[in-house]
Number of protein chains: 2
Amino acid sequence: MSSFKAIGLAAALLASSASAQTFQRLGACPTLGCVFPPDQADFLAGQFFDIRLEVHAPKNGSEAIGLPPDEKFTFTLAKGDEEPKPVTDFFGIEDAEVESWTFSWFEDLFARDAKQSTVVDVRAKAYRRLALYEPGEYTATLNYNNGSSTKATWLVRDLAEERKAKNIILFIGDGMTTNMITAARLIGHKSVNGKYQSKMQMDKFPVLGHQMTHSIDSFITDSANSASALYSGHKSSVNCLGVYADSSKSPFDDPKVETIAEIFHRLTGGHVGIVSTAFLADATPAGLTAHTRSRNEYGHVVDTFLNGVTNYTWTKWDGPDVLFGGGAEYFYSPALGGISYKNRTYYDEFAKRGYQVLQNRTSLMSAPNDERALGIFAVNNMAKWLDRNVYRDNLNQSLSPAGDKKPALDQPGLKDMTLKAIDILAERSGDKGWFLMSEAASIDKMMHVLDYDRALGELLELDDTIKATVNKLNETDTLKETLILVTADHGHGFDVMGSVDQRYLAAQNTDRKKRDAIGTYQNSGQSQYQNTGNLTYTDSNFPKTWDPRYTLFQGLMADPDRRENWAVHKDGPRKPAVEAEEDDYVVNPKDGKDGILLNGTLPVENDQGVHSLTDVPVFAMGPCQELFGGVYNSVDIFFSMAECFGLGRGTPPAETY
Amino acid sequence: MSSFKAIGLAAALLASSASAQTFQRLGACPTLGCVFPPDQADFLAGQFFDIRLEVHAPKNGSEAIGLPPDEKFTFTLAKGDEEPKPVTDFFGIEDAEVESWTFSWFEDLFARDAKQSTVVDVRAKAYRRLALYEPGEYTATLNYNNGSSTKATWLVRDLAEERKAKNIILFIGDGMTTNMITAARLIGHKSVNGKYQSKMQMDKFPVLGHQMTHSIDSFITDSANSASALYSGHKSSVNCLGVYADSSKSPFDDPKVETIAEIFHRLTGGHVGIVSTAFLADATPAGLTAHTRSRNEYGHVVDTFLNGVTNYTWTKWDGPDVLFGGGAEYFYSPALGGISYKNRTYYDEFAKRGYQVLQNRTSLMSAPNDERALGIFAVNNMAKWLDRNVYRDNLNQSLSPAGDKKPALDQPGLKDMTLKAIDILAERSGDKGWFLMSEAASIDKMMHVLDYDRALGELLELDDTIKATVNKLNETDTLKETLILVTADHGHGFDVMGSVDQRYLAAQNTDRKKRDAIGTYQNSGQSQYQNTGNLTYTDSNFPKTWDPRYTLFQGLMADPDRRENWAVHKDGPRKPAVEAEEDDYVVNPKDGKDGILLNGTLPVENDQGVHSLTDVPVFAMGPCQELFGGVYNSVDIFFSMAECFGLGRGTPPAETY
């Protein structure tokens with residue numbers, strides 16, 4: 001997810017100036033005529049999407065043209081070299097009403113400081129739930145302002161309709177990079193003379209790829225935007241779920257694109273499962289069903305899990321077979337403090353629709369496999385592997401999913417949830433097959449707060465989950481018909497550079513002397529997480545100790561102010577910075593005992609780290625694995641999954657589910 | 001390469017205490033009986049190697065046993081379940097003399113501070129130039145101290161002897177990570193609405209892998225050790241070239257392992273080329289022919305290029321066809337200030353052996369292809385792409401390869417050198433084929449000094465070189481018989497997290513306010529390196545400007561003290577820190593104008609950044625490409641190259657070259 005602070009900032013801008021975006025009037029629209037989907041968009045044949053057209057007339061600022069926006073703009077579409085047709089003819093639809101609004105934005109940081117916003121007058125139209133069936137290139141042209149035009153080249157990819165996989169499981173390690181996998185391997189697996197004695201399950205996957213995670217209009221993405229790219233094949237803007245961002249005030253009217261879950265279910269009747277260790281309204285699970293410019297519409301997101309899009313005609317959707325994760329506050333009664341959509345009790349809403357409602361690991365493990373299941377195991381994000389397995393005292397918080405302020409002591413892990421999800425999906429889907437998204441959300445959440453140990457614990461739990469999944473599918477003889485993908489949605493700038501002698505660090509009196517505790521190159525030595533300690537678990541590949549004398553010299557590259565001691569945080573997830581005055585964060589005086597004081601590089605309103613640019617890995621095994629080798633764009637993952645499921649449609653389908 | 005400082009430290013330890021290693025008595029030898037090659041070593045069938053045995057008797061410290069070292073130790077070898085045989089019987093060799101020495105080491109940082117070294121008395125033997133031909137597992141056992149034993153399991157890999165590639169070219173981006181490739185793509189290639197309009201050549205390679213770079217005895221490697229792993233299939237210790245580190249004082253008597261260049265040449269008469277933008281005595285080129293525990297024996301390294309190993313019987317070696325790079329000071333006459341091995345003039349030594357000697361780009365381009373060539377183009381490391389192409393004034397230094405103190409203005413780039421190397425190798429090797437190692441050395445060197453722009457320029461030059469190489473091989477119809485590999489030897493903890501508004505940064509008065517110049521997530525915006533500027537080159541995919549208003553918010557994760565302004569360094573490679581007093585580096589007051597002051601995390605004796613843990617990418621194209629997918633150990637690259645060349649030998653070869 002994006003940092004809480006970044007969300008806060010975005011929300012503040014939204015409140016003060018419609019949909020302002022610093023430095024860009026509107027993403028993916030450098031001219032005054034905007035077409036969404038924009039130039040370079042790719043489509044699956046038959047994928048539903050909306051068209052949004054906007055004509056902008058800045059009233060002031062560097063682009064002011066002294067004219068009102070053109071209301072008489074026209075829009076044509078042409079397939080290949082064919083004659084352009086008006087959009088109404090092309091799709092056989094009625095014309096849309098002209099809408100109008102204004103929004104404002106800041107042209108740069110100086111303008112923001114001076115509160116000099118640029119105001120833009122807008123005329124717009126939208127055409128909804130369209131589809132292109134014929135593969136090939138299309139030219140979309142918006143003509144406006146008496147001679148100006150914006151052209152967009154769209155490509156409907158030519159993919160075989162043959163289905164090659166019965167099931168797909170998409171594991172997302174949120175924020176997980178190659179660097180983190182390397183670090184997790186170092187603490188979770190024993191090495192003798194430079195040779196690991198056991199392998200990560202990911203390392204055993206036959207095909208490896210890299211995907212580029214950037215946004216459509218910024219090179220750093222958040223998890224909403226990147227999830228949407230993975231699920232829909234369309235890159236978008238930060239904070240967007242399943243839509244392109246328009247400039248209107250409403251977060252619910254932006255042009256939508258259909259997701260893999262929606263298409264798979266609509267065309268094949270296949271069953272869908274959603275599992276995450278985050279609160280379920282969070283971006284990565286949300287992206288499968290929600291369509292909104294604002295990922296912060298959490299209550300709305302939860303409603304879409306059950307009901308899909310309700311404000312427009314869209315894909316028919318009647319809920320996933322499985323929905324497991326945290327975020328109980330969006331499900332329980334407002335009387336208990338719930339903050340749900342329209343004050344509904346979603347436990348009841350789901351139950352009314354035939355879901356069994358599960359609230360702890362015990363009930364999860366014994367639940368029947370032939371009923372749909374909603375499993376909500378904690379308020380907010382679920383407990384971390386490190387707290388569930390090593391520092392269990394940290395579970396003593398008022399996070400019971402019932403909303404009764406008791407602790408949520410009996411929480412399942414990602415492995416429990418994922419294996420149960422597969423049981424239910426396999427039992428219920430019959431020959432229709434299933435799609436499951438399983439997210440290790442707190443790799444990202446713990447990296448954000450610089451809690452490297454917890455983040456790596458989550459990553460090892462993800463790998464353990466993948467291992468158990470491969471074993472289960474193997475045992476049930478369904479491995480060969482199931483494509484397993486493991487990837488991430490973006491990175492954090494993380495790496496390990498050596499070791500830290502905790503005893504020496506604590507014994508020095510000055511920060512400059514403390515730095516001598518760090519050992520690089522030959523002095524990094526060997527990992528002490530496996531060579532000392534006696535922790536054991538039913539899961540095999542985790543550290544034998546989390547507080548060896550020599551810990552990892554690791555970190556993020558963009559930080560708030562903090563004190564680093566590179567030691568495990570035994571009292572629960574780390575809080576590196578605290579607010580000194582409004583939007584001004586300084587070192588948390590309670591954090592990083594005996595450590596080194598370090599100034600951050602991020603704007604001081606940040607209390608945590610941020611996402612990074614790096615390509616993230618993709619591990620593939622199963623039918624179509626060959627589609628996932630090499631380097632490609634994040635959206636290609638959607639197209640390759642759709643190809644593997646055979647979801648392209650050259651003509652409108654006769655039957656939908 | 002390792003940081004200069006780390007080398008300095010290692011050298012100091014060597015000088016003061018034989019071969020001391022902080023925290024480990026001797027790498028890969030946790031007991032008092034040492035066997036090299038150690039446990040878990042893998043061998044190519046028929047690969048030459050030395051055996052070193054040591055028995056240690058610490059005289060003081062935590063392991064002191066109050067006994068002298070056992071002189072009567074025995075050593076046996078057993079293939080599979082067969083009876084162990086004394087090593088002399090096993091190989092049909094004479095027994096070796098017992099050697100004795102002492103060395104000392106520090107058990108931890110407290111001991112180092114207190115100068116309390118532990119002294120170890122040693123008895124040792126060495127058996128040299130042996131080979132195992134039969135694939136399978138072997139057990140090597142050292143019996144010592146009347147009942148103690150150290151067992152090592154060795155594996156001779158069972159690889160087909162069939163040759164599948166005529167040629168192999170191994171590109172090494174020194175220090176290059178996936179994160180850096182992502183950043184280089186961002187500044188070198190134009191993106192429209194989230195879709196790149198051109199591809200990196202690496203991104204077009206069909207097969208992608210990750211290799212683990214760690215050392216045998218520390219999880220962070222230097223470039224000597226990692227190059228040796230790639231070239232020989234044996235991981236070793238920091239600073240080692242083609243040997244395992246023993247504890248003796250001499251850097252030239254450590255147990256050797258044969259490299260891919262040596263084996264390929266010995267068994268097939270194939271031709272070898274070595275190209276680097278570093279000084280050629282540097283670790284990555286050196287690793288192909290040198291065998292020494294100390295990478296700092298630069299003069300010796302240059303001698304091995306021409307003469308191979310001369311102090312012991314070893315692989316017959318008579319020089320590569322091509323040797324192109326920097327480091328003239330190890331080649332020209334001591335009268336001119338040269339610092340060559342035994343005061344020889346290596347220009348003359350090479351010329352005497354039939355090499356044409358080239359000292360600038362002009363002579364390189366017009367050189368005949370049928371003669372062996374030594375091309376030395378600068379003192380020290382060669383000029384960087386950014387200085388050769390954009391900030392050319394920085395070439396005005398006294399670095400002429402002739403040693404005449406003039407500037408080296410006419411330097412070739414990596415592409416020029418690599419293409420010429422291929423011309424010569426192709427012309428001269430006939431049907432024997434060739435092996436070429438081409439190194440973009442200054443990705444690493446510039447990352448060490450936090451000069452991100454220069455590092456990314458070097459990376460783009462590497463990619464441009466690969467592209468030109470693919471085109472050349474295609475044109476000469478030799479692409480299909482040539483395996484092309486692109487990889488790295490280790491990483492640096494680098495990433496990009498957003499953008500920096502240079503104008504805003506300079507206009508603020510306090511560091512805390514300057515941090516507001518940084519834009520993350522949606523405020524990272526789009527890359528300005530392609531969207532502004534009008535720089536053009538004959539090479540296509542480089543930035544159009546290097547100093548846009550919005551630069552990259554990028555960095556390393558382990559640093560000396562420095563001032564960051566995230567702007568290009570127009571006056572030449574960056575120098576982030578200066579020595580305030582001995583071994584105490586502080587911010588360089590001349591660096592980072594208008595930037596933010598940041599305290600480092602590294603020990604203050606460091607004036608630059610250090611290597612990191614991350615797995616590095618491997619891109620493969622051509623015969624055997626399928627061997628390089630997925631995740632594996634660095635040593636597997638050697639074995640897969642050897643397999644592709646068909647270099648395994650089940651019996652001693654009748655003919656050698």
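Reply: Let's begin with how copies are compared: they are superposed by least squares on the C-alpha atoms of residues with pLDDT of at least 70 in both. Keep in mind that this is a predicted model. Here, a rotation of 180 degrees, with 0.0 Å of shift along its axis, puts chain A on chain B with an RMSD of 0.0 Å. The two copies are therefore related as by a two-fold rotation axis.

Me: Which C-alpha of chain A is nearest the axis?

Reply: That of A:Met557, which sits 2.5 Å from the axis. The copies also use the same surface, since 100% of the contact residues of chain A recur in chain B.

Me: How should I read the confidence values?

Reply: As a general idea, where pLDDT is low, the predicted coordinates should not be read in detail. In this model, chain A averages a pLDDT of 94, and 96% of the residues score at least 70. Residues 1-21 of chain A are a stretch to watch: pLDDT stays under 50 there, and the model has 57 contacts beyond four places in sequence for them. For the complex, the predictor gives an ipTM of 0.95 and a pTM of 0.96.

Me: And how do I judge the size of the interface?

Reply: The size of an interface is often given as the accessible area lost when the parts come together. Between chain A and chain B, about 9,100 Å² is buried, and carbon and sulfur atoms give 58% of that area. The contact takes in 116 residues from chain A and 117 residues from chain B.

Me: What about charged pairs?

Reply: Side chains of opposite charge can pair when their charged atoms come close. Between chain A and chain B there are 14 salt bridges. One joins the side chains of A:Asp615 and B:Arg185, at 2.7 Å from N to O.

Me: Which element of chain A gives the largest share of the side that touches chain B?

Reply: Strand E20 of chain A, residues 494-501, with 7 residues. By type, the side of chain A that touches chain B divides into 51 nonpolar, 42 polar and 23 charged residues.

Me: How many salt bridges does the structure hold over all chains?

Reply: The total is 91. Among them is a pair inside chain A, where the side chains of A:Lys256 and A:Asp50 meet at 2.7 Å, N to O. A:Lys256 lies in the loop between helix H5 (223-232) and helix H6 (260-268), and A:Asp50 in strand E3 (residues 49-58), so the pair ties together parts that are 206 residues apart in sequence.

Me: What is phi of A:Tyr521 near?

Reply: It is near 45 degrees, a positive value in a residue other than glycine. You'll find A:Tyr521 in the loop between strand E21 (518-519) and helix H17 (528-531) of chain A.

Methods:
Residues numbered from 1 in each chain as written. Chains lettered and ligands numbered in written order. Predicted model: local features only at pLDDT ≥ 70, side-chain atom pairs only at ≥ 80, totals over all residues. Heavy atoms only, no water. Contact = heavy atoms within 4.5 Å. pLDDT = per-residue confidence, 0-100. Buried area = accessible area lost by both parts, 1.4 Å probe. Salt bridge = Lys/Arg side-chain N within 4 Å of Asp/Glu carboxyl O. Helix = DSSP H or I, 4+ residues; strand = E, 2+ residues; numbered from the N terminus. Nonpolar A, V, L, I, M, F, W, Y, C, P; charged D, E, K, R; others polar.
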